[in-house]
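Have the picture ready and follow along.

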Amino acid sequence: MNATGIPLKEPAVSAAAGDTEQFERALIDASTRVPVLIFYTSAVAWLILGTLLAGFVSFKLHTPDLLSDISFLTWGRVRPVHMNVMVYGWASMAGMGTAIWLMARLCRTVLRYPLLLVAGAGFWNLGVFLGVCGILLGDSTGYQWLEFPSYAAIILFVAYTLVASWAVLMFRFRRGEQIYITQWYLLGAFLWFPWLYAAGQLMLFVVPVQGVLQAAVGWWYANNLLFLWFGAIGLGTAYYMIPKVIGRPVYSYHLATIGFWSYALFSSWTGMQRLVDGPFPAWMVTASIAATILTLIPVATVGLNHHMTMQGYFPLMRYSPTLRFTVFGAMSYTVFSLVGVLISLRSVARYVNFTQASIAYSHLGLYAFFTMVIFGAMYYIVPRLIGREWRYGSLIKLHFWASAYGIGLMTLMLLAGGFMQGASMENPSLAFSESVESVMPYLRGRSLSGILLMVSHFIFAYHFGLMLFGLGRKSTVPTFLNPVEAEGAEVAH
Amino acid sequence: MKGLAPLFLGIFGTFAFSWVGLTVIPNWQIGHLNPQSDEEGTDIYPLPQSGMVTRGARVYAANGCNYCHSEQVRAEYAGADIERKWGDRRSAPRDYIFERPVLLGKMRMGQDLANIGARAPKEEESPSPTGGASPAPQGAAASPGAVASAKGASPPPAISPSPVTAAATSPGAIASKPPTSPGPASPPPSKSPAAAAAAPSPSAPWPEQTAGLPPMYSAAWHHVHLYSPRSINLDSNMPSYRFLYQTRRISDARSSDALQLTGSDAPPEGWEIVPTYDAKCLVAYMMALNQSHPLKDVRSAGAPAAASPAASASPAPGGQPAK
């Protein structure tokens, strides 16, 4: 591998600024090392558990007698455990780890008292663990994404307060007046999550609202968690990683501003479209459908911004793992939003409302977009924390393709299956059982995609484990997916 | 962007806007509904749930039934729910005011259960979730047949808001209906299993009723179904909930609760399978799922068509039945 003239290094700005800045960055990275690695390690452990559960749930859906006689392995308990492990165990922890690292870097300040964050991670793990046990033992609350019983929710909230206040406090010590785009999103995410979580818990459990409003609050929470928490972290990370890796500033700050504020305004009003034609005042649903359509504005601006930044640099995706995962995630954000608009239209929702298509939508958001961006970030961040490079380029490639094909297949299966299921369900001359029958082949296909994802996650966990134990490559050159050729070098110039 | 203050205010403002718009205002609009009643205050709907039903709802949620079964009927224009006979009117916020947790559901890998209790055989249907709270022993809510005919007799509530329910549910109206009914254009949807078996419609969930089973949607049937779904419908992909049941030796006489199982599911001689308390609560909850009571603010299906004969006999103020 020829290391000279490789385009994939620190952007030109830092190279010009010289050694002091490099040194300072290394100091900042070192200060975040312990907490971020703890967040990442826990996240990967939860990811593996969640993946195994996902496979189990998926198979049980078409093989209902599989281990169904054991109360804590019944489908209806394992499924919420899978969702919550993925949402709070994997995605939230990996997101927080990434966000902390990005905050420290962008505020250009060393992380003070990192041990407080370690305590936060510990409590968070405890909360997720207790919640999982609670659901398995039959303590689930029954509200989507808020199934954790209250004793787990309180611990999660305390842990979160510890983490978020620390991340936000970094702003106090920040250097430089300019606040970068990524910081807007991260500050938003860190502030939105506790308000959201507190509002959801208060209105459902402390002073519960009446009747169907519980469902409205539940979906308002779930959708905003997807957008204002995961979406904001994911977009913020992409805004950092893409320019960083290709060494080029973001195309337009103005576009980014429009994108951010329209995102905050419109995406927070979605959610009720999931209750379409339910027992609610029609204006609630209509408002959310309108907001969902309006999210096309941030999608277009963010997408355009990333695209123009990448313009001419797309061939670099051949080499940089970070770039490949991040760009895949950023593109999935567009697909995710388009699918969201499509299935929220009343004429379509009539068919897909009660089908597997909504599962496809959640997976697009949480996996194809968020998780892929976070994978990309982890490929960038972990070597900087450990001081070693990823050991095998081939494993990263395998991880990427298994993930990409896995989530692609899953989305196709669930969307197509959902439309088939909905079409049969809306035809009253067919028996209801026909609609279930019609989706079964697609569910088997989905299980197949689950196996692909399982392979990909095991590969990633193994590779991550090698890094943790210091078995990475000792090198100053990052690990590329393909040997860098001469033409690759030319692209950068 | 410079300065934290505008950023912080914007972040807070967008969140507050969404919170007020999508939770606070709806709460102000439909968050404090009361049960409806007629003028004498006798025919109250809905009624608070009994302890067993409340516990049953928790068992239902804890075992994730809501991930496959919805509990909401959409209006005719929005889906085929009413044509599938999952209810004869759309669900309304008032139907759920005593439910906690509310389990509307987002997936139909199984049927909608909003009216599963209303589909029980007549003698089995619990008159109301609280039992004794039913004001009149012959009250309309006690028998699904009566409810259906009363609904058939009532003019569209949208036109006459108040006195309809009173008129339609008065015992006189019910008593007068069956003999005089000349078979209106569209009879109210039949809910008795006998009728379903006699004329299996394609949309009936399981057209072929297996012999040797309790009547469909009776409590005993639910227990058998929960214990062994595929003994009732071979194609079902519902998991079995055997962990909610107990196999025990028959001490002196067979328990009246024991499941009527056949074939390979049947326990060995001298043993019986009985529901645990949780299973009984779960079935009590399902039997209480019943939105067949008319609501003043929701039009019931079939109401306009069947208006003429019985409605003219009812003491409702003139004008409405002339449709």
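Start with chain A, which has 16 helices and zero strands. Both kinds of element are DSSP runs numbered from the N terminus, with helices (H or I) needing at least four residues and strands (E) at least two. Before going on, keep in mind that this is a predicted model: local features need pLDDT of at least 70, side-chain atom pairs count only at pLDDT 80 or more, and totals for chains, interfaces and linings use all residues. Residues are numbered from 1 along each chain as its sequence is written, while chains are lettered from A and ligands numbered from 1 in the order in which they are written.

How is chain A packed? Its C-alpha trace spans about 70 × 45 × 45 Å along the principal axes. Buried residues make up 56% of the chain A total of 493. A residue is called buried if 20 or more other C-beta atoms lie within 10 Å of its own, exposed if 12 or fewer, and partly exposed in between, with C-beta atoms placed from the backbone.

Now look at where the two chains meet. Chain A brings 72 residues to the contact and chain B brings 64, where two residues are in contact if their C-beta atoms, placed from the backbone, lie within 7 Å. On the chain A side, the largest share, eight residues, comes from α6(A).

Chain B itself is divided into domain 1 (51-179 + 289-313) and domain 2 (209-284), with bounds from an automatic or database domain assignment. Domain 1 of chain B gives 13 residues to the contact between them, and domain 2 of chain B gives 10.

Most residues other than glycine have a negative phi, and most peptide bonds are trans. In chain B, the bond from Tyr45(B) to Pro46(B) is cis, with omega near -10°, and Pro46(B) sits in the loop between α1 (4-30) and α2 (51-62) of chain B. The bond from Arg100(B) to Pro101(B) is cis too, with omega near -5°.

Is Tyr217(B) buried or exposed? Tyr217(B) is buried, because 22 other C-beta atoms lie within 10 Å. Tyr217(B) also has a positive phi of about 65° although it is not a glycine.
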